[in-house]
Amino acid sequence: MVFARPSRIADVTAPVFTVREVCLYEREVRLRLPFRFGVVTLTEAPQVFVRARIELPDGSSHWGAAAELLAPKWFDKNLALSNEENFEQLRLALVLATDVYTDPAGPRTAFGHFAAHYEQQIAAGAACGLNPLVASFGPAQIDRAVLDAVCRSAGCSFYQAMRVNLPGVDPALLSAQLPDLAGFDMQRFLAQLTPATTIAARHTVGLVDAIAGHPREVNDGLPESLEEAVAVYGHTFFKLKVGGTADADLQRLIETAAVLDRITGSYYVSLDGNEQYDDLDALLDLWRRMQASPRLKRLIASILFIEQPINRKHALDRDVSTLSRIKPVIIDESDAELTAFPSARALGYTGVSSKCCKGLYKSILNAARCRMWNAEAGGERYFMSGEDLTTQAGLAVQQDLALVNLLGLTHVERNGHHYVNGMARLPQHEQDGFLAAHPDLYEHSRGAVRVKIRNGRLALGSLASAGFASGAYPDWAALRPLVSPPLRARPGRLSAG
């Protein structure tokens with residue numbers, strides 16, 4: 001299904017509506033290369049799809065959609081849980097959110113639905129042993145589908161909708177969680193957001209990725225190593241994973257630098273700790289070793305920030321200013337609740353990640369905080385980064401790209417195109433629909449429609465189509481309905497650990 005281009009919004013008042021239906025589906029995603037991050041090596045995982053139908057006071061109905069991978073060992077890294085139990089946690093979060101979003105309460109704005117159910121969802125998740133990051137996965141997907149429906153009802157794009165605050169974003173609706181934003185001019189902030197037409201793709205180097213050469217593990221004609229990815233895609237932004245063992249991390253960084261240092265001109269790096277270091281001292285020891293290596297001089301100078309290096313159990317226990325004075329440090333997994341970023345800021349963290357899987361409104365509110373805090377500081381000290389969770393081509397990658405682009409980010413981690421063979425496993429007519437609707441973002445090559453990267457950049461112009469960044473939808477008939485997890489009836493089994 002392909003949709004028309006958006007029209008101008010005639011009425012900028014945030015509409016109220018009721019969420020009448022939420023339908024959940026999924027399909028399997030198999031990776032072409034294993035992706036190791038933190039404590040897991042991912043080879044396959046389900047992707048969930050959400051359809052939501054809203055009903056306006058005039059009786060008209062509108063559908064919207066969203067999609068996201070069910071990633072194990074990120075939302076909850078309890079090693080006692082299997083990958084399938086992690087998947088069931090996330091399915092459960094979606095089912096719980098479906099229940100609360102379709103309750104019989106009166107009509108609300110899009111943000112009003114999020115605000116009304118925020119504490120209820122976290123409490124319902126806690127009763128089933130879900131930590132707040134897991135529990136929030138459900139609303140994060142439904143909010144996107146609902147906003148897609150709102151945009152379609154108004155015949156406008158996501159960018160247009162946000163700039164006139166069509167969702168009705170209002171921190172006062174969550175005053176207990178957002179006291180720092182009381183008095184902030186949200187309308188003005190949103191109106192000033194100006195999306196670009198392209199964005200740099202920050203290439204992920206996983207912990208088991210080949211660095212140089214051509215391993216020929218897949219032989220599908222696509223890049224397999226970092227060296228090949230640079231040659232084919234022209235990347236100049238990179239995200240390097242470290243595993244928590246200083247000797248191994250140091251050696252891998254040296255091998256990586258040997259490839260990156262061959263790039264003509266500047267390159268830029270983020271260092272992702274994935275919670276693999278138990279404390280700040282261990283990470284500072286790695287940093288000292290890095291500084292002592294002449295072969296890492298250029299790579300160190302190219303590091304933009306360090307992402308969540310310390311395990312979430314201890315990440316907010318100690319001030320990290322010692323490290324953040326060397327390089328900015330951001331939270332990612334520790335960004336579990338709306339109050340997390342201000343708490344982290346008090347400990348020396350200066351940034352936070354944006355991920356659609358954590359919630360689009362969380363990203364918008366944290367971006368507003370950065371704007372407010374930077375105005376107070378008189379400089380660009382606080383920032384957001386765009387991070388990936390193997391976001392797949394189609395709805396998931398498009399909505400995430402649109403969000404970070406709206407917020408003014410100039411580069412974003414993208415890895416789904418590297419670890420998965422594009423849309424190769426999707427029905428041909430579904431591939432053709434997305435390619436026709438987004439010919440700047442996708443291309444057909446090596447037998448499938450896939451993300452198109454030129455000179456390290458993604459073209460985003462077509463994301464300004466009606467709805468939330470998508471001029472096409474999946475083939476709903478080709479998806480299987482999501483089955484409610486059996487663990488729903490067994491509170492406490494899926495312990496956060």
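**Helix H9, overall fold and selected residues of a predicted model**

The buried residues of helix H9 are covered by elements that include helix H8 (246-260), strand E6 (268-272), helix H10 (297-302), strand E7 (303-307) and helix H11 (321-324). Here helices (H or I, at least four residues) and strands (E, at least two) are DSSP runs, numbered from the N terminus; buried denotes under 20% relative accessible area, exposed over 50%, and partly exposed in between (1.4 Å probe, protein chains only). The structure is a predicted model, in which local features need pLDDT of at least 70 and side-chain atom pairs count only at pLDDT 80 or more, while totals for chains, interfaces and linings use all residues. Residues are numbered from 1 along each chain as its sequence is written, and side-chain values use heavy atoms, with hydrogens and water left out.

**Helix H9**

- The 12 residues of helix H9 (residues 280-291) should span 16 Å at 1.5 Å a residue, and the end C-alpha atoms are 16 Å apart, which agrees; the expected span is 1.5 Å times one less than the number of residues.
- The buried residues in H9 are Leu280, Leu283, Leu284, Leu286, Trp287 and Met290.
- These residues lie on the same side of H9, because they cover an arc of only 155° around the axis; the arc is that of the directions from the helix axis to the C-beta atoms.
- At the start of H9, a side-chain oxygen of aspartate 279 comes to within 3.2 Å of the backbone nitrogen of aspartate 281.

**Overall fold**

- The protein has 16 helices and 15 strands.
- A compact globule of 497 residues would have a radius of gyration near 23 Å, and the protein has 21 Å, which agrees. The radius is taken over C-alpha atoms, and the globule rule is 2.2 Å times the number of residues to the power 0.38.
- The C-alpha trace spans about 70 × 50 × 50 Å along its principal axes.
- Of the 497 residues in the protein, 61% are buried.
- Among contacts (heavy atoms within 4.5 Å) between residues at least 6 apart in sequence, 76% join residues at least 24 apart.

**Serine 354**

- Serine 354 belongs to strand E9 (residues 351-354) and is buried, with a relative accessible area of 0%.
- The side chains of serine 354 and serine 363 are joined by a polar contact of 2.8 Å. A polar contact is a pair of N or O atoms within 3.5 Å; within protein, one must be able to donate a hydrogen and the other to accept it, and residues adjacent in sequence count only if both atoms are side-chain atoms.
- Not counting residues up to four places away in sequence, serine 354 touches Ser363, Met384, Ser385, Gly386, Glu387, Leu403, Val404 and Leu407.

**Cysteines**

- The count of disulfides (pairs of cysteine sulfur atoms within 2.5 Å) comes to zero.
- Cysteine 356 is in no disulfide, and the nearest cysteine sulfur, that of cysteine 357, is 8.0 Å away.
- Cysteine 357 is likewise in no disulfide.
- Cysteine 356 is buried at a relative accessible area of 2%, and cysteine 357 counts as buried at 2% relative accessibility.

**Loop residues with positive phi**

- Arginine 216 has a positive phi of about 60° although it is not a glycine. Arginine 216 sits in the loop between strand E4 (198-205) and helix H7 (226-233) and is exposed, with a relative accessible area of 56%.
- Asparagine 455, also not a glycine, has a positive phi of about 55°. The loop between strand E13 (448-451) and strand E14 (457-459) holds asparagine 455, which counts as exposed at 70% relative accessibility.
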